[in-house]
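Me: I'd like to learn how to read a protein model step by step. Could you walk me through one?

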Amino acid sequence: MSSKTRRATRAGAQDVILLASTIDMSNIFYEGIVQELHSRGWGIHVVSSPGPTSERLFRGVAQIHAVQMERGLSPLRDIKSLARWVKLLARIRPQVLVIGTPKASMLGGLAARIMRIPHIVYVVHGLRAQETSGLLTVILRIVERLTLHSAHRILAVSDSLRREVERVHPRFQNRIEVLGFGSINGVDLRRFSPANSAQQTTARQRLGLPAESFVVGFVGRFSRDKGGDFLLNLMRDEASQELGLHLMVVGD
């Protein structure tokens with residue numbers, strides 16, 4: 001029996017991994033990872049709130065599960081989501097749970113502890129309590145701490161984030177790892193190769209950007225907690241206007 005066949009046989013019987021994000025669109029973080037795990041013989045499950053992204057990305061290589069989760073604090077709905085998480089984990093019984101984004105990490109981590117999942121990996125994308133104040137900050141710090149406690153292994157997506165988590169939650173110093181130079185996932189250099197000069201000119205013309213202007217790009221949900229107000233203030237700054245900076249926002 002070849003090593004590949006042995007891996008596939010072992011995975012079919014025992015080796016199951018579940019990867020989760022709060023919203024379906026965020027499961028793009030696992031693109032490539034899921035396919036690689038599948039090629040190594042793992043049984044793969046992907047969980048998020050309902051949406052089309054996971055099915056489009058992972059059809060044929062992973063089983064997709066929908067668990068409705070609210071991004072904000074919603075105690076009654078969160079309790080219902082936690083019950084669905086427990087039921088799902090009781091049925092799948094994964095050896096490894098990988099959780100990312102705040103609400104999926106909190107609910108998934110707590111449910112996994114209840115169901116005694118042997119390996120829980122928490123990928124810290126950011127700290128939800130940042131850019132909040134008052135009682136909300138206190139509550140979110142408690143949630144962050146509970147989520148960190150639930151994990152057997154904690155990964156931060158950057159070294160600066162690792163330092164910030166350790167500053168805010170000093171109990172977890174020396175427990176947080178950064179893979180390589182830090183990333184949620186790798187970058188496909190074939191897909192994201194630099195454009196040549198002709199492509200750059202065409203893109204700038206299509207977007208109405210002057211050919212020689214300096215462009216600041218933002219990709220993501222444009223909101224206060226993502227630093228949107230900071231970026232707008234930067235663009236309004238007199239020095240930025242003298243330099244002729246242009247802002248390009250891609251996202252909600």
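Reply: Happy to; we'll go from the whole chain to single residues, keeping in mind that this is a predicted model.

Me: What does the chain contain in helices and strands, and what box do its C-alpha atoms fill?

Reply: Start with the overall inventory. The chain has ten helices and nine strands, and its C-alpha atoms fill a box of roughly 60 × 50 × 35 Å along the principal axes. Of its 252 residues, 38% are buried. The accessible surface comes to about 15,300 Å², and carbon and sulfur atoms account for 56% of that.

Me: How do I read the contacts along the sequence? What share join residues at least 24 apart?

Reply: Set aside pairs that are close in sequence, then look at how far apart the remaining partners are. Here, among contacts between residues at least 6 apart, 61% join residues at least 24 apart.

Me: Which residues touch the most other members of the largest nonpolar core?

Reply: Leu18 and Trp85 do, in a core of 50 residues. Take Leu18 as the example: leaving aside neighbours within four places in sequence, its contacts include Trp85 itself, along with His45, Val47, Leu88, Leu89 and Ile92. Pro94, Val96, Leu97 and Val98 are also in contact with Leu18.

Me: Now charges. How many salt bridges are there in the whole structure?

Reply: A search finds twelve. Glu36 and Arg40 meet at 2.8 Å, N to O. Glu36 is partly exposed, at 38% relative accessible area, and Arg40 is partly exposed too, at 49%.

Me: Are Lys103 and Asp78 buried or exposed?

Reply: Both are buried. Their side chains form a salt bridge with N and O 2.9 Å apart. Lys103 belongs to helix H5 (residues 102–114) and Asp78 to helix H4 (residues 75–92), so this pair ties together parts that are 25 residues apart in sequence.

Me: Where do Arg167 and Glu164 lie?

Reply: An α-helix has 3.6 residues a turn, so residues three or four places apart point the same way. Arg167 and Glu164 are both in helix H7 (residues 159–168), three residues apart, about one turn of the helix. They form a salt bridge whose closest N and O atoms are 2.7 Å apart. Arg167 counts as exposed, with 56% relative accessibility.

Me: Which residues of H7 are buried, and what do they pack against?

Reply: The buried ones are Leu161, Arg162, Glu164, Val165, Glu166 and Val168, a list that includes charged residues as well as Leu and Val. They pack against strand E5 (119–124), helix H6 (134–150), strand E6 (153–156) and strand E7 (176–178).

Me: What about a buried charge without a salt bridge, such as Asp24: which opposite charge is nearest?

Reply: For Asp24 the nearest side chain of opposite charge is Arg56, 7.2 Å away. A salt bridge needs the atoms within 4 Å. The side chain of Asp24 does reach the backbone nitrogen of Thr53, at 2.4 Å.

Me: Where is Asp24, and what else does it touch?

Reply: Asp24 lies in the loop between strand E1 (16–20) and helix H2 (33–39). Not counting residues up to four places away in sequence, Asp24 touches Ser48, Ser49, Pro50, Gly51, Pro52, Thr53 and Ser54.

Technical notes:
Residues numbered from 1 in each chain as written. Predicted model: local features only at pLDDT ≥ 70, side-chain atom pairs only at ≥ 80, totals over all residues. Heavy atoms only, no water. Helix = DSSP H or I, 4+ residues; strand = E, 2+ residues; numbered from the N terminus. Buried < 20%, exposed > 50% of the residue type's maximum accessible area, 1.4 Å probe, protein only. Polar contact = N/O pair within 3.5 Å; in protein donor to acceptor, adjacent residues only side chain to side chain. Contact = heavy atoms within 4.5 Å. Core = buried A, V, L, I, M, F, W, Y, C linked by side-chain atoms within 4.5 Å. Areas by Shrake-Rupley, 256 points an atom, 1.4 Å probe, with all protein chains shown as cover.
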